[in-house]
Amino acid sequence: MAHLLMVESWVGSMSRLLPRAIREGGHEFTFLTRDLHHYLRSVPEGATHPLLGARNLITADTNDTDALLPEIERLHAALRFDGVLTSCDYYLPTVARIAGQLGLAGSPPDAMQNACRKDATRRVLADAGVAGPRFAVHEEWADIARAAREIGYPLVVKPVDLCAGMYVRRVEDEEQLNAAVRALTDFPVNARGQRRQPTVLLEELLDGPEVSVETVSYAGAVHVVGVTDKSIGGSPAFIETGHMFPAALSAADAEAAEQTALAALKALGLTEGVVAHTEIKLTSAGPRVVEVNPRPAGNRITELVRHVSGIDLAAAFVEVSLGRAPDLRRRDTGLRSAAIGFLVPETSGTLESLGGDGLRNAPGVLEVQLAEPGKQVKAAGSNNEYLGHVMAGDAEGLGARDHVEVLLGELRSGLVIR
């Protein structure tokens with residue numbers, strides 16, 4: 001039995017999948033957080049809160065890494081950790097520094113820091129010749145406006161240090177650019193109390209479908225698990241509305257996406273102790289890197305992968321965090337594809353009702369999670385405002401996405417927000 005230190009977590013699906021993987025692997029974990037109530041306020045699926053499975057719950061200021069490291073060393077002397085990990089993007093650099101300090105498995109801190117800052121990622125990939133959009137990074141409005149004119153409208157405005165598509169916007173002209181930049185300026189602290197960087201990233205708007213490449217890095221090699229497709233909605237935001245694994249791609253497109261993701265991960269130095277989710281646009285000019293996320297995919301993509309291939313990416317994440325070889329053997333699960341679709345609110349108000357009675361018993365359905373009537377709803381501007389999801393599988397081929405779209409249509413037909 002190994003003992004892992006988990007430093008913070010998301011409160012979504014990975015908050016449950018990771019403790020489950022640790023338990024099923026025969027291990028245990030100590031949970032470290034700056035705000036235990038942040039997790040206690042969340043309502044997990046099922047009856048048992050995942051943190052009840054922790055060996056220890058410890059509070060400390062996880063936002064002050066320099067002050068935290070000596071505290072971690074004292075804890076390590078008493079509790080003896082075999083690995084350290086987190087599912088929360090905002091703490092991946094902290095975990096890399098802890099791993100380095102304690103001599104545990106993990107990526108180099110500099111590599112993780114570069115992967116978690118979108119501007120640093122762009123610079124590293126550009127220097128390595130890995131294809132991406134034309135981009136510019138500035139803080140002052142005059143520089144931002146000039147760079148936007150040089151790139152050309154429409155373009156994409158991004159924060160360099162937020163997740164879930166927050167404040168990522170397509171802008172058509174300088175007026176919209178100014179509004180997007182002001183919105184970023186008005187959000188100086190993230191949801192974990194960390195002060196944000198004022199830097200603004202401008203990117204060329206890319207054409208073509210978007211996919212993600214799921215990988216596991218271990219012992220200096222990057223192993224491709226598969227390619228997931230993605231649907232995007234909510235313009236001018238970029239909200240993920242669904243995924244299917246595996247993506248319905250030609251062999252050539254899948255190979256191009258995989259090779260581009262591998263090149264990006266190697267350029268960033270993420271070849272050890274990482275489960276990664278790399279987003280790629282298959283543009284008319286060839287594949288382009290959108291983002292490199294050095295943690296397991298969110299939005300329950302890891303469950304899509306597990307349902308189809310039998311590969312448990314959360315379990316692989318635990319094993320590589322312990323410096324052990326992950327089990328990446330494929331198994332016949334009886335499914336050829338699995339997809340998820342999200343119910344995205346377009347208006348604000350109070351949720352009165354949803355359609356889809358009996359959805360959970362429909363053929364092929366793997367999961368249904370829906371908000372309860374009475375919930376206060378905010379018109380979606382990122383991936384954080386979903387009203388629920390439907391997941392379904394297809395035993396015959398790549399029909400899971402079409403099946404999920406039909407089921408989502410039933411839900412939308414009864415959706416009332418007032």
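Let's start with the fold elements: 12 helices and 19 strands in the chain. Keep in mind that this is a predicted model.

Overall dimensions next. How does the radius of gyration fit a compact globule? For 418 residues, such a globule would come out near 22 Å. The chain has 21 Å, so the two agree. Along the principal axes, the C-alpha atoms fill a box of roughly 55 × 55 × 45 Å.

Now burial and contacts. Of the 418 residues, 55% are buried. Take the contacts between residues at least 6 apart in sequence: 71% of them join residues at least 24 apart.

The accessible area is about 17,500 Å². Carbon and sulfur atoms account for 49% of that.

Charges, briefly. The chain carries 41 positive and 54 negative charges. How far apart are their mean positions? The answer is 2 Å.

Three strands make up an open sheet, and its order is β17-β15-β19. The pairing is antiparallel. Which strands stand at the edges? They are β17, residues 376-377, and β19, residues 416-417. Each has a single partner strand, so one side of each has no neighbour in the sheet.

Look at the pairing of β15 with β19. Strand β15 covers residues 349-353. Two bridges link β15 to β19, in the antiparallel sense. For a residue pair to find on screen, take L351: I417 in β19 stands opposite.

How values were computed
Residues are numbered from 1 along each chain as its sequence is written. This is a predicted model: local features need pLDDT of at least 70, side-chain atom pairs count only at pLDDT 80 or more; totals for chains, interfaces and linings use all residues. Side-chain values use heavy atoms; hydrogens and water are left out. Helices (H or I, at least four residues) and strands (E, at least two) are DSSP runs, numbered from the N terminus. The radius of gyration is taken over C-alpha atoms; the globule rule is 2.2 Å times the number of residues to the power 0.38. Buried means under 20% relative accessible area, exposed over 50%, partly exposed in between (1.4 Å probe, protein chains only). Contact means heavy atoms within 4.5 Å. Accessible areas come from the Shrake-Rupley method with a 1.4 Å probe; for residues, only the protein chains shown count as cover. Lys and Arg count as positive and Asp and Glu as negative; His and the chain ends are not counted. The place of a charge is taken as NZ of Lys, CZ of Arg, CG of Asp or CD of Glu. Two strands pair if DSSP finds at least two bridges between them.
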